[in-house]
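This report describes two interfaces in a predicted model.

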Amino acid sequence: MDEVRNVIELKDVTKDYGDFKLDRVSFAVPEGTVCGFIGQNGAGKPTTINLILDVISRDAGEITLFGQSVDRNSAALREDVGVVFDEMGFHEFMTGRDINIMMKNIYRNWDEAAFFENLRTFSLPSKKKCGAFSRGMRMKLQIAVALSHHAKLLIMDEPTSGLDPIVRNEMIGIFREFVMEEDHTILLSSHITGDLERIADEVVFINGGRIVLTGNKDEILEKHGILKCKKEDLPGISESLIVSSEVSSFGAQALINDRASAEKLYPGAVIEQAALEEIMIGYVNGKR
Amino acid sequence: MKGLILKDLMCLKKQLTTFVYVMAGTVVISILYVLSTRYGNLARVGEQLLDQNNGMSRVDVKNLGSEAMVLFMFLPIVCVGDLMNVFVADGKAGFYKVSSSLPVPLYKRVLARFLTIYTLFGLGVLVDALLAVLLCSMTDIMSLGQFLGVIFSGASILSIYSALMILYCVLLGYGREQYAQVLALLTMAAAFVIIKFDSVRFFVVHVLGDGVGFDSSVFWKPLDFIREKGYVLLGIAALVSVCSYLLSVRIAERKRGVI
């Protein structure tokens, strides 16, 4: 069997801002997958992305992209990376044509025909100033740019936030099409877990600058569950199984981290499948 | 890197349009000026100044004429060579995020900004040189060599200013471009005072103060310098640009995300 190649790899990466610390972050994104990078606002998602892109310097740890260290090599490695930010970043007076002129003189693999084809596919006018674009169009423009230099890795920071469900759905379709190629990989940072549940293969969950959960999305969903029981039964549940719990006048429910064991130990309990959002909330609340 | 220079030039599209108008205006006014110094009212004023026995020589009158020509030569370069709008536009758009995700190393991103300014000065110098050829065929106020000296002096002074402005913009970050402009001007003024301390003190104490040291050469010395010794300023400009570039790269490397 072929060995799985990691496109992104972080080992004990630390960045200390004083009031916020990214603490010994380690995770890997295997080639050909969509990795959902989730966490609440302020958890450290953009900081991690900036570290991967070598936009900011780290205090400790190792980061590799395509198997190569980003140190002193990041610019060349970025040739194969398409980046989409939560805000457009292009000047408002620029048109698609202007962006094409700029990018074809920057990227070695810039494909002019593919860029204009992408603009047509995304219904973006090439002669209109991008300042007049809606938020959805601005995000699509960034994706069009990211897809036009034959990038193998897309790194996206909250690309679907603030978009209506129709555009979000359209964008997820674009991401799905991108990962059809087996060497294409996506790191998708978002706090909209519903989108990730639909598209992600892997999940990395960051909270307060620390990775609290990482692995295959389906395995994570299968492993976790919501155990519902009477208030008085809750203390009888093994603490090692409970991530977080909530007691209301109707009863109690707990997010558990080993559904199979819980089902064996407490055959009478109702255990439902947990959604990614519930898992995220559970871990955030459990840590508080 | 070429793409970033093109992007910077796109940011200056409006400024370049203004440059065309300024250039057209400068050509018209300077031709009218030259014709007037030869055949019109300015020629008559020159003759009157010589007749008044106020100590002015023919050289002084000619130098007076040159002062105006220097202004005409400086105008297009001043108009074309202001990079502030690029920093303002980049800051407003948040372009630093995009630029730091591009496959362009930091030192090239900084270099692109310096090359933008030299491209603009190159354009200004070229257009000015064509104007100089035209003007020196119509007047003997300045020779072509002196015209070129003035043009290169102007471009050198402004490129010193621009190099310092880029350095301060990188140091202070986006949104503080006006402070960078003021600091660049103050640095240049301070450097001038330190280098020419004796001359400045003499000018302030004797020429502006008691008037004892007044001599027309006080005014014509700087004029002679920029007409005849433009290469000195060019050398200083090259040195300042290299130092400013190296410092800017170092600061940008430490701060990250400022260019």
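Between chain B and chain A the count is one salt bridge. The side chains that form it belong to A:Asp86 and B:Lys97, with 3.3 Å from N to O. Six residue pairs, both members at pLDDT 80 or more, are in polar contact across the interface of chain B and chain A. On the side of chain B that touches chain A, α1 (2-11), α5 (84-93) and α6 (95-100) of chain B each provide at least two residues. The largest share, seven residues, comes from α1(B). By class, this side of chain B holds 13 nonpolar, five polar and seven charged residues.

The two interfaces are set out below.

| Chain B and chain A | 25 residues from chain B, 24 residues from chain A | about 2100 Å², 66% from carbon and sulfur atoms |

Within chain A, the domain assignment gives domain 1 (6-220) and domain 2 (224-287). Their centres, taken over C-alpha atoms, are separated by 34 Å. A:Thr193, A:Phe205 and A:Ile220 supply 40% of the area that domain 1 of chain A buries against domain 2 of chain A. Zero salt bridges are found across this domain interface, whereas three residue pairs, both at pLDDT 80 or more, are in polar contact there.

Methods. Residues numbered from 1 in each chain as written. Chains lettered and ligands numbered in written order. Predicted model: local features only at pLDDT ≥ 70, side-chain atom pairs only at ≥ 80, totals over all residues. Heavy atoms only, no water. Domains from an automatic or database assignment. Buried area = accessible area lost by both parts, 1.4 Å probe. Salt bridge = Lys/Arg side-chain N within 4 Å of Asp/Glu carboxyl O. Polar contact = N/O pair within 3.5 Å; in protein donor to acceptor, adjacent residues only side chain to side chain. Contact = heavy atoms within 4.5 Å. Helix = DSSP H or I, 4+ residues; strand = E, 2+ residues; numbered from the N terminus. Nonpolar A, V, L, I, M, F, W, Y, C, P; charged D, E, K, R; others polar.
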